[in-house]
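Here is a short briefing on one protein chain. Look through the structure first, then read the points below.

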Amino acid sequence: MHKLWCLAIAVAAAVPAQAQGDKAPDPARPPLIATADLAQLPDFWDVKLSPDGQRILYRGRVAGRNVIAYRNVAETKKSYFGIPEKSDVNWIRWAGNDQILISVGITVQLYLGEERASYLVLHDLRTGTTSTIQRRGQGFEGDDVLYVDPAGTYLLLSIQKSAYDYPSVFRVTLPDGKFSEIVRPRDPVWEWYADDAGIVRIGIGWANGKLRFYYRRAESDSFELVAAVRPDDDDAIFDIARVVAGSDDGYVLSDEKTGRQALYRFNYRTRELGELVYGDERYDIDDYWLNTAGTALEGLSYTDDRDRVVWFDAETKKTQLRIDKAIPDQQAWVRSRSRDGARMLVFGTAPNDPGLYYLFDRTTNEMAILGERQKALSPALLASAKAVTYTARDGTVIPAYLTLPIGREAKGLPLIIYPHGGPYGVRDKLEYDAQTQFLANRGYAVLQPNYRGSSGYGTAFTDAGRGQIGAKMQDDLDDGMDWLVKDGIVDKRRVCVVGASYGGYAALWAAIRNPERYRCAASFAGVTDWAAMLKYDRRFFTKSGRASWEARVTGDASLDLDEVSPVMQAARLTRPVLIAHGDADSVVPISQTKKFLAALKAAGNSNFEYVVYKDEGHGFAEPANQKDWFDRLDAFLTKHNPAE
């Protein structure tokens with residue numbers, strides 16, 4: 001039975017009053033949470049409301065299998081279908097009210113090595129059939145959808161005819177998946193952009209060291225070269241925005257004037273940056289969106305220590321305030337809406353709450369629970385996180401998040417440094433994280449540093465990470481440890497590093513680079529050979545994106561990748577490490593871990609534990625494997641850095 005709220009009334013649990021002057025008692029230590037409960041994948045997540053507001057689409061699990069599911073909002077009975085084995089779901093969305101579009105990622109084995117690839121899958125609810133949307137011989141990126149017709153009759157897809165061509169734009173009819181080329185390849189365009197009316201308006205590509213910008217106002221017009229700028233020009237690169245349908249005007253994110261991504265008006269024909277619409281003094285604007293018709297700005301989002309939304313539409317702004325009042329202990333986000341705006345899908349969560357999905361009906365003024373992400377976890381057993389900052393050795397202020405174990409004095413605690421992946425274009429924030437909760441529940445303080453190079457804090461902070469992998473970015477982790485030790489919160493003799501992806505690399509590198517600091521390290525899907533990783537990534541990026549990514553990693557070739565690659569420095573490892581990888585990982589291929597293991601064995605080093613998870617990608621799709629990882633990590637830390 002769904003529980004309903006009238007949004008005019010804020011619902012809150014009764015809290016006993018505390019006498020003035022009384023000291024709040026220390027909370028008791030919670031019982032150990034079962035790893036099976038912590039490892040349980042969300043029962044209900046990535047939820048999307050259909051355009052007519054009658055159905056929801058989501059990812060879930062049935063009989064231990066990951067599925068894409070859908071149902072009517074007023075019912076609990078669901079329909080579902082699976083995804084191919086050894087593949088990752090990149091995203092899901094509606095294509096009209098009766099079709100579901102899915103982006104699937106895979107690893108492709110080629111003569112010269114591995115490559116990442118993607119393609120589209122379409123599921124038709126009317127017939128129950130599932131089909132792929134692919135052209136024979138197409139390039140590796142097969143999911144660059146520029147536009148989906150609201151009625152679901154067609155979509156626009158930017159795709160290479162072969163791996164050697166520039167991308168075309170095809171009109172793909174649905175559900176039959178027939179391709180019609182509407183924009184031919186154009187040297188040097190690698191990225192095409194459409195407006196909210198489905199007209200391809202912009203093409204961008206690199207040639208002779210310049211970014212070339214092609215534009216047209218209408219489908220009947222020809223594309224014109226309106227700019228060719230060098231990367232070091234002040235106005236060279238803007239974060240591409242949405243174009244207002246039927247106009248040369250639109251909006252763009254630019255850091256040109258403030259050093260942070262802010263939202264400006266923009267004329268696409270003249271490339272003139274107009275007035276500032278919205279900016280924050282400390283943080284980058286992450287995204288923004290137009291109204292359904294594509295004719296006006298509706299809202300934007302940014303992240304300080306948590307995600308924030310700014311609505312420009314007065315009625316939606318009022319609605320957000322009412323939702324916030326109804327669930328005051330959660331961060332509430334409108335995740336999707338019906339096309340007429342009458343129904344909204346709301347997600348409420350907190351660092352110590354995996355979250356719930358609600359359906360808000362603006363016509364009845366009621367909000368109903370649609371589903372919980374993880375029913376087995378009680379927020380009362382989960383630790384709260386807080387935002388902190390500390391100063392690195394060169395004076396850079398590092399934002400971070402600190403989670404302390406419940407029921408333990410914040411003095412002389414064992415510490416886990418838990419760096420995020422990426423490393424660029426990613427950051428941590430105040431949100432629920434199962435591994436953080438697992439570590440805190442076992443008695444560890446957990447520090448999640450947004451080391452230099454992390455996104456969201458302005459261009460200077462991001463650029464401070466250029467060429468600093470394994471160097472200053474690693475210093476930032478060490479300096480976070482020193483800050484906590486100086487404050488007495490942490491015992492400097494009881495510190496380990498745990499991470500995944502780039503965080504896994506940082507963990508391994510910490511143990512190799514500074515064994516005097518760290519007792520152990522644990523890595524899931526960590527990068528170990530940066531030169532090989534860059535080579536693997538090349539075909540996944542566009543030409544301009546590849547150049548930008550490689551320059552960011554190497555610092556314009558000033559960083560010696562071998563000097564900071566664990567596979568090349570394996571003989572230096574003296575601390576115990578736990579290493580894990582999924583054999584179907586299409587983001588960081590398992591060859592990265594295999595090379596490191598071979599290097600360790602060649603150096604005569606057996607001070608490691610290793611597990612490979614069959615059919616897992618860049619993360620866990622099976623709760624049994626996630627549980628196994630938590631159990632192994634629990635035993636590993638108990639042996640090498642016990643919390644008691």
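**A glycine inside a helix**

Gly504 lies in helix α6. Helices (H or I, at least four residues) and strands (E, at least two) are DSSP runs, numbered from the N terminus. This is a predicted model: local features need pLDDT of at least 70, side-chain atom pairs count only at pLDDT 80 or more, and totals for chains, interfaces and linings use all residues. Residues are numbered from 1 along each chain as its sequence is written, and side-chain values use heavy atoms, with hydrogens and water left out.

**Gly504 and its surroundings**

- Gly504 counts as buried, at 0% relative accessibility. Buried means under 20% relative accessible area, exposed over 50%, and partly exposed in between (1.4 Å probe, protein chains only).
- Leaving aside neighbours within four places in sequence, Gly504 is in contact with Gly499, Ser523 and Gly526. Contact means heavy atoms within 4.5 Å.
- Gly504 and Phe524 are 20 residues apart in sequence. In space they are 5.5 Å apart, C-alpha to C-alpha.

**Helix α6**

- Of the 12 residues of α6, 11 are buried, so the helix is largely enclosed by the rest of the structure.
- The buried residues of α6 include Tyr502, Tyr505, Leu508, Trp509 and Ile512.
- These buried residues pack against α5, β32, β33 (520-524), α7 (530-537), β34 (577-582) and α9 (591-602).
- At 1.5 Å a residue, the 12 residues of α6 should span 16 Å, and the end C-alpha atoms are 16 Å apart, which agrees. The expected span of a helix is 1.5 Å times one less than its number of residues.

**Helix α5**

- Helix α5 covers residues 472-486, which makes 15 residues. They should span 21 Å at 1.5 Å a residue; the end C-alpha atoms are 20 Å apart, which agrees.
- Among the buried residues of α5 are Met473, Asp475, Leu477, Met481 and Leu484.
- The buried residues of α5 pack against β28 (385-391), β29 (397-403), β30 (413-417), β31 (445-449), β32 (490-500) and α6 (502-513).
- After α5 comes Gly488, with a positive phi near 80°.

**Thr316 in helix α2**

- Thr316 sits in helix α2 (residues 314-326).
- Is Thr316 buried or exposed? Thr316 is buried, with a relative accessible area of 3%.
- Leaving aside its neighbours within four places in sequence, Thr316 is in contact with Trp311, Arg337, Met344 and Arg362.

- Most residues other than glycine have a negative phi, and most peptide bonds are trans.
- Arg271 has a positive phi, near 55°, and is not a glycine. Arg271 lies in the loop between β19 (262-267) and β20 (272-278). Its relative accessible area is 10%, so Arg271 is buried.
- Asn365 is not a glycine either, yet its phi is positive, about 65°. Asn365 is found in the loop between β26 (353-361) and β27 (366-372). At 19% relative accessibility, Asn365 counts as buried.
- Asp187 and Pro188 are joined by a cis peptide bond, with omega about 15°. Pro188 lies in the loop between β13 (179-183) and β14 (189-194).
- From Gly422 to Pro423 the peptide bond is cis, with omega near 0°. Pro423 lies in the loop between β30 and α3 (434-441).

**The whole chain**

- The secondary structure of the protein chain comes to 10 helices and 35 strands.
- The radius of gyration of the chain is 25 Å, close to the 26 Å that the globule rule gives for 644 residues, so the chain is as compact as a globular protein of that length. This radius is taken over C-alpha atoms; the globule rule is 2.2 Å times the number of residues to the power 0.38.
- Along the principal axes, the C-alpha atoms fill a box of roughly 70 × 60 × 50 Å.
- Of the 644 residues of the protein chain, 54% count as buried.
- Among contacts between residues at least 6 apart in sequence, 56% join residues at least 24 apart.
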